[in-house]
Amino acid sequence: MKTFRIGGVHPQENKLSAEKKIEVMELPKQAVFPLSQHIGAPAVPCVARGAVVKVGTKIADAGGFVSAPIHSSVSGKVAKIDTIVDASGYRKPAIIIDVEGDEWEPTIDRSEALVRDTTLEPKEIVARVQEAGIVGMGGACFPAHVKLSPRTPVDVVIINAVECEPYLTADHSLMMEKPDEILVGVSLIMKAVGVKKAYIAIENNKPDAIALMQEKAKGFAGIEVCPLRVKYPQGGEKQLIDAVVGRQVPNPPALPADVGAIVQNVGTAFAIYEAVMKNKPLFERVVTVTGKSVAEPKNLLTRMGTPMSLLIERAGGMPEDTGKVIGGGPMMGKALLNTDVPVCKGSSGILLMTEKESLRGEAQPCIRCSKCVTACPMGLEPYLLQKLAEHTDWERAEAEQIMTCIECGSCQFTCPAHRPLLDWIRMGKGTVGGIIRARAAKS
Amino acid sequence: MSNKLKVSLSPHVHSGDSIRRNMDWVIIALLPAMLWSFYVFGLGAVIVTLTSVASCMLFEWAINKYILKNPKTTLSDGSAIVTGLLLAFNLPSNLPLYIIIMGALFAIGVGKMSFGGLGNNIFNPALLGRVFLLISFPVKMTTWPVPHQYTAYADATTGATPLANLPEAGLGDLFFGNIGGSLGEVSALLLLVGFAILLLRKIISWHIPVSILFSAFVFSVLFYAIRGGMPFGDICMLSLKHLLAGGMMLGAIFMATDYVTSPMTHKGMLIYGACIGFLVICIRLFGSYPEGMSFAILIMNGFTPLINNACKPKRFAKEVKK
């Protein structure tokens with residue numbers, strides 16, 4: 001069975017919510033929409049305080065080509081445009097809406113009926129995706145329409161349904177409940193970029209999803225399910241392309257399109273279906289609420305802007321001994337300062353860790369066991385990069401390719417000495433990146 | 001509630017691996033050979049092992065506390081026990097206590113703590129201890145008790161190493177360990193059992209031991225063939241005995257694979273192992289010592305930083321395959 005070629009680790013899967021049906025989350029009293037929910041320029045508000053909005057009303061325009069508009073997920077009145085603390089822990093501008101009722105824009109097709117065929121041209125599909133504010137829903141939040149406008153011709157679409165992060169099951173549950181919609185979404189992506197072949201990559205710890213998607217994919221020309229051997233970080237874009245079609249994307253500025261591939265998350269494919277066929281902008285998503293201490297781990301279809309604390313309540317409340325709350329999975333997710341932060345386009349999960357689980361082991365000296373070197377999926381030497389960062393040897397750190405680190409955390413996960421390798425490497429990347437930008441600006 | 005949350009960067013989970021776990025598995029992998037040494041060499045082996053382990057631990061604790069003034073002891077990581085065991089494995093079972101203690105002091109004091117403790121040493125501490133003793137007490141270090149004198153210690157009858165007359169040594173005796181020699185090196189079979197344990201628990205990879213044994217065999221065949229005067233079958237048999245005799249197995253599986261003093265990449269490990277195999281055969285065939293494993297490993301320990309610089313892992317997308 002296929003997998004990527006370099007490095008990788010096997011964290012405990014802990015997919016506690018794998019068997020859980022998607023439940024619809026109730027509406028919040030107030031919804032908060034940060035203007036920066038994606039990579040690229042922040043969105044620009046197009047409503048003012050006091051404006052009345054419906055579900056699906058655009059409330060902020062894209063701030064550029066690499067940007068995405070934002071739509072209201074609720075009906076009600078704009079309370080204010082202010083700064084809030086978002087999942088990154090920083091204060092960011094956001095639109096805050098007081099919820100009144102649940103009135104949708106009439107243009108949205110709310111029927112359950114599957115729409116398979118469209119006469120839309122590729123350009124029109126991309127335009128609808130752009131207008132619907134769709135971003136990569138695996139967590140990176142890269143605007144989807146940019147990927148659908150590759151600068152070089154591509155020959156294969158890869159749908160990322162790997163969900164290699166432990167605990168998270170949002171993509172898994174979506175595949176189990178919306179397989180046809182996803183497949184139509186995939187065919188829309190294929191049409192938009194003009195390719196005949198698409199692979200849906202699923203790790204073999206989800207045999208039910210593999211079987212279901214294989215069965216349903218028979219009705220769609222050119223779409224094939226590609227089961228992959230479980231290994232983290234298989235959901236990393238570069239690792240996934242290597243695993244599925246055996247091509248390795250060179251270092252930036254190269255993009256996946258340069259090896260003829262584009263990758264979209266399975267949640268993104270579903271959002272694209274809804275945007276193009278149902279005229280429904282991206283304002284809700286499946287969020288996994290999970291953790292070993294959580295009473296009822298759940299997959300919740302949640303409107304954007306809902307505070308995470310409400311989702312935690314729905315899953316049985318925050319246990320007494322909670323030490324850490326993570327937005328996303330345990331390998332790459334962000335520890336949250338508080339649980340009032342809103343669900344955004346990239347919020348794949350909320351993970352509660354107990355006091356005991358949230359403590360790191362005490363760092364010991366590096367014993368040069370080379371486990372980090374074996375684990376690194378980019379073929380780097382994390383122990384060395386950590387030392388170089390500690391000794392501020394930026395020149396050598398750049399020569400040792402610190403900038404190609406994808407911050408997957410495999411090195412630190414595997415380190416028997418519990419060294420904070422990735423903390424140092426991140427710091428090194430920040431500094432080296434600044435040096436590179438300064439050099440580019442000078443020349 | 002919210003002000004009690006912990007915030008840290010990802011990853012938020014850990015494999016659960018620890019230095020202690022790795023050291024424990026090395027100790028477990030050493031057990032079969034250790035028990036065999038107790039069986040073959042009796043009381044002497046027990047005394048040497050206990051003295052070596054105890055003095056290594058004592059010296060590490062004392063140096064930490066009184067010289068480095070480290071508030072925390074490092075004994076709990078288990079590395080001093082491993083050093084003590086490996087040192088004992090490299091000693092004859094009739095060695096007087098004061099020599100063992102001197103060896104432990106050199107191994108821990110000079111070999112490990114003077115470089116800054118665990119992870120910072122350039123040379124394998126146990127081997128440094130052994131070579132220090134070999135140079136200081138050449139006679140005592142190169143006469144080994146003949147097997148099966150269960151209650152003997154200092155008064156044991158001694159004999160020469162099979163390495164001195166390899167063609168006469170029986171292949172089966174070498175493999176199962178019915179021979180004189182240092183404590184832990186006699187049974188190739190039980191050392192291989194230890195190797196299997198280390199491989200199964202993923203404590204070490206196969207690269208270093210296999211490349212050492214392979215290269216030693218190849219160079220042994222090559223040198224004997226150049227020297228001439230022996231049928232090819234005998235050359236191969238003799239080369240095979242080289243792999244089983246002396247410290248070859250112990251060195252290849254447990255000494256050369258020491259994390260701290262061996263290269264970081266698989267490519268580097270193969271080069272390092274091949275060089276050790278070459279050096280050990282050179283010393284055995286052309287040097288004045290019958291055994292060369294310790295010297296070969298220590299020499300290559302010194303080259304490890306250079307090998308690390310020269311052998312980088314295969315970077316992602318260095319060679320794009322379509």
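## A four-stranded sheet in chain A

In chain A, four strands form an open sheet. Their order is 11-10-9-12, and the pairing is parallel. This picture comes from a predicted model.

Which strands sit at the edges of the sheet? They are strand 11 (223–228) and strand 12 (261–265) of chain A. Each of these edge strands pairs on one side only. Neighbouring strands of the sheet are turned against each other by 25° on average, direction ignored.

## One strand pair up close

Look at strand 10 of chain A, residues 198–203. Strand 10 pairs with strand 11 of chain A in the parallel sense. The pairing runs over six bridges. One residue pair can be picked out by name: A:Tyr199 has A:Glu224, in strand 11 of chain A, as its bridge partner.

## Helices across the sheet

Helix 5 of chain A, residues 207–217, lies across strand 10 and strand 11 of chain A. Helix 5 runs at about 165° to strand 11 of chain A.

Helix 7 of chain A covers residues 266–277. Helix 7 lies across strand 9 (156–160) and strand 12 of chain A. What angle does helix 7 make with strand 12 of chain A? The angle is about 80°.

## Where chain B meets chain A

Now turn to the contact between the chains. Chain B gives 45 residues to the contact, and chain A gives 68 residues. The area buried between chain B and chain A is about 4,700 Å². Carbon and sulfur atoms give 54% of that area.

Seven salt bridges are counted between chain B and chain A. One of them joins B:Asp17 to A:Lys371. The closest N and O atoms of that pair are 3.0 Å apart.

Three helices of chain B each give two or more residues to the side that touches chain A. They are helix 1 (19–41), helix 12 (266–286) and helix 13 (293–310). Helix 1 of chain B gives the most, with three residues. By class, this side of chain B has 16 nonpolar, 15 polar and 14 charged residues.

Terms used
Residues numbered from 1 in each chain as written. Chains lettered and ligands numbered in written order. Predicted model: local features only at pLDDT ≥ 70, side-chain atom pairs only at ≥ 80, totals over all residues. Heavy atoms only, no water. Contact = heavy atoms within 4.5 Å. Buried area = accessible area lost by both parts, 1.4 Å probe. Salt bridge = Lys/Arg side-chain N within 4 Å of Asp/Glu carboxyl O. Nonpolar A, V, L, I, M, F, W, Y, C, P; charged D, E, K, R; others polar. Pairing = 2+ DSSP bridges. Axes fitted to C-alpha atoms, helices over the stretch in contact; angles between N-to-C directions.
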